[in-house]
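Colleague: Please take a close look at a single part of this model and go through the side chains there one by one.

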Amino acid sequence: MSAVLIYDFPLESLNLELPFYACPVPAGFPAPADDHQEAALDLSRHLFTNPAATFLARVTGDSMIGAGIYAGDLIAVDRAISPTDGHIVVAVVDGEHTLKRLRLRDERIWLEAENDDYPALELLAGARLDVWGVVTHVIHALVTKKSALVRPLPPRL
């Protein structure tokens with residue numbers, strides 16, 4: 001089961017301007033390097049379309065791994081987006097937070113995990129569902145802080 005831990009801090013206090021290089025980084029064959037750097041990229045503008053309606057949360061559990069969302073990831077959740085079928089949402093079902101894909105079809109509502117170990121949760125008459133927002137971005141580390149110790153690169157072959 002995946003759940004979320006909600007963080008309360010003002011997004012406007014985030015200073016997320018980072019260097020941005022204009023050359024695309026192909027994931028296929030290597031391409032020639034581009035030597036020029038563009039103006040700084042404001043990551044908060046890229047991640048938060050509606051900053052006043054957006055919050056960050058940390059994911060726990062493994063029910064959304066099929067969507068590329070893992071335990072420990074940060075998610076950006078926009079409360080200004082109207083949730084529709086297929087959106088990944090932060091929801092509260094009968095008082096418990098969860099992170100799932102929202103499904104709406106033929107007057108039926110259910111929350112779907114992205115891990116075959118978890119069944120879909122259909123909301124039957126009397127169940128209470130509050131959608132807190134739609135997940136717009138996922139941030140997860142490929143290198144942990146412990147493994148990020150600075151080491152020299154191996155010699156070129």
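Modeller: His87 is partly exposed, with a relative accessible area of 24%; buried means under 20%, exposed over 50% and partly exposed in between, using a 1.4 Å probe and protein chains only. This is a predicted model, in which local features need pLDDT of at least 70, side-chain atom pairs count only at pLDDT 80 or more, and totals for chains, interfaces and linings use all residues. Residues are numbered from 1 along each chain as its sequence is written, and side-chain values use heavy atoms, with hydrogens and water left out.

His87 sits in the loop between β5 (74–78) and β6 (88–93); strands are DSSP runs of E, at least two residues, numbered from the N terminus. Its side chain reaches the backbone nitrogen of Thr84 at 2.9 Å. Leaving out residues up to four places away in sequence, His87 touches Ile81, Ser82, Lys100, Arg101, Leu102 and Val134 (contact means heavy atoms within 4.5 Å). The C-alpha atoms of His87 and Val135 are 7.5 Å apart, although 48 residues separate them along the chain.

One of the residues touched by His87 is Lys100, which belongs to strand β7 (residues 96–105). Lys100 is buried yet has no salt bridge (a side-chain nitrogen of Lys or Arg within 4 Å of a carboxyl oxygen of Asp or Glu). The nearest side chain of opposite charge, Asp62, is 8.1 Å from Lys100; Lys and Arg count as positive, Asp and Glu as negative, and His and the chain ends are not counted.

Note on methods. Helices (H or I, at least four residues) and strands (E, at least two) are DSSP runs, numbered from the N terminus. A polar contact is a pair of N or O atoms within 3.5 Å; within protein, one must be able to donate a hydrogen and the other to accept it, and residues adjacent in sequence count only if both atoms are side-chain atoms.
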